[in-house]
Amino acid sequence: MNAAVDVYPSRVAAPAGFLPRKDPVVYRDVRLGQPGPLTESEIAFYEENGFLRFESLFSAEEVAGFQEELLRLRDSEEMKRAQEVILEPQSDEIRSIFAVHKNNNVVFRRLAQDRRIVDRVSFLLDSPVYIHQSRINYKPGIHGKEFFWHSDFETWHMEDGMPRMRAISCSISLSENNEFNGPLMLIPGSHRHFLSCVGETPENHYEQSLREQEYGVPDSESLNWLVDRGGIVSAKGPAGSVTFFECNMMHGSNSNIAPWPRSNVFYVYNSVENVLTKPFCGLAPRPEYIASREVDVVKPL
Ligand code: 6CS
Ligand code: FE
């Protein structure tokens, strides 16, 4: 079992329950007044809501390059058999490809280092960062299945041993995200409440959870409690838009029955002060391509 004190216990016997957040949201001491990549109102909005959106942060030309690589990966024979590829639960279409920031992918490795992203997350986390996880979620048209509501941190804490809430996800849309094709949905303010979920983690849970997650997900009463207070925001916008969301943000996305794919690339930036320990669920660590234990500090380009 993990020797470190588990300040965010989950996957316990009923009932599920909320624990107060014990970590800052914005680690940077903004009272220092040092100029940074975010305005005072953006910082205040992120503190309060747990996310920030920047429409068209990347140009149409840059997006075209990302999309070309997206389709090359999807259609490549070598990728079809790769362990990093997760298929949809009810079809052989690709649902996700993990570890796209690793050396064998020039385009998405370079994007992971882009200053427009790294400077912002390093500022909020007040530290150098490394990539805990990266993935492309394809969510193909017509058959792309949902990602049920969940807090990423709940999984990363329990199954990867991420000690504290000092990580930020960055979702970059590689296709238009609209009301029809299953855009990312966020519950503003949910990052301030840790939901301790019911149900013991199964062995090798990721082999199931990355296709359809059943453990570490909120019960209906808790979900209603969060939505009653924060509502739901849909991260709609053109390709090239960016959503930063705090690691404990309750989020999800609906199935996509529209003919248009909803493809996003996600990078998870963890503070170098928050490296993974032993999984708090007591099981073996998840594979490197899902939860990196190689702390390669990201140098912004
Ligand atoms: O288990 C994980 O790390 C993954 N699961 C979800 C549904 N979101 C975060 C991450 O990709
Ligand atoms: Fe997630």
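**Entry 1. Aromatic pairs**

I began with the rings and noted that ring pairs link Y8, F153 and F194 into a cluster. The model is a predicted one, in which local features need pLDDT of at least 70 and side-chain atom pairs count only at pLDDT 80 or more, while totals for chains, interfaces and linings use all residues. Residues are numbered from 1 along each chain as its sequence is written, chains are lettered from A and ligands numbered from 1 in the order in which they are written, and side-chain values use heavy atoms, with hydrogens and water left out.

For the pairing I took rings of Phe, Tyr and Trp (its six-membered ring) with centres within 6.5 Å; planes under 30 degrees apart count as stacked, over 60 as edge-to-face and the rest as tilted. My search of the whole structure returned 11 aromatic pairs. One of them joins Y8 and F194, a tilted pair with 5.0 Å centre to centre and 50° between the planes. Y8 lies in the segment before strand 1 (17–20) and F194 in strand 9 (residues 193–196), so this pair ties together parts that are 186 residues apart in sequence. Helices (H or I, at least four residues) and strands (E, at least two) are DSSP runs, numbered from the N terminus. I recorded both Y8 and F194 as buried, where buried means under 20% relative accessible area, exposed over 50%, and partly exposed in between (1.4 Å probe, protein chains only).

I then looked up F58 and F66, which form an edge-to-face pair at 5.7 Å centre to centre with 75° between the planes. F58 and F66 are both buried.

**Entry 2. The iron site**

Which residues donate to the iron ion (ligand 2)? I found H150 (NE2), D152 (OD) and H251 (NE2) as its protein donors, lying 2.1 to 2.4 Å from the ion. Donors are N, O and S atoms within 2.8 Å of the metal (3.2 Å for Na, K and Ca); water is not among the atoms, so sites may look incomplete. In sequence the spacing of the donor residues is H-x1-D-x98-H. H150 lies in strand 6 and H251 in strand 12, so the pair ties together parts that are 101 residues apart in sequence. H150 and H251 are buried.

**Entry 3. Pockets**

I searched on a 1 Å grid over the protein atoms alone: a cavity is a set of points where a 1.4 Å probe fits but cannot get out, a pocket is an open set with protein on both sides within 12 Å along at least five of seven lines, and lining residues have an atom within 4 Å of a point. Grid points are joined across faces, edges and corners, and a volume is the space filled by probe spheres set on the points.

The largest pocket holds about 430 Å³ of space. Of its 29 lining residues, F147, H150, S209, L210 and Q213 are the closest to its centre. Two or more lining residues come from each of strand 4 (94–98), strand 5 (129–137), strand 6 (147–151), helix 6 (152–160) and strand 12 (250–253). Helix 6 gives the most, with four residues. I counted eight nonpolar, 11 polar and 10 charged residues in this lining; Ala, Val, Leu, Ile, Met, Phe, Trp, Tyr, Cys and Pro count as nonpolar, Asp, Glu, Lys and Arg as charged, and the others, Gly among them, as polar.

The second largest pocket has a volume of about 260 Å³. Its lining has 13 residues, and H101, N103, R109, I131 and D296 lie nearest its centre. That lining divides into four nonpolar, four polar and five charged residues.

**Entry 4. Cavities**

I found three cavities of 30 Å³ or more. The largest cavity holds about 60 Å³, and its lining includes R53, S171 and N264. Strand 7 (167–173) and strand 11 (242–246) each supply at least two of its lining residues. By class, this lining has three nonpolar, seven polar and one charged residue.

**Entry 5. Backbone checks**

I noted a positive phi of about 55° at A99, which is not a glycine. A99 lies in the loop between strand 4 and helix 4 (106–112), and it counts as buried at 9% relative accessibility. K139, also not a glycine, has a positive phi near 35°. K139 sits in the loop between strand 5 and strand 6 and is buried, with a relative accessible area of 1%.
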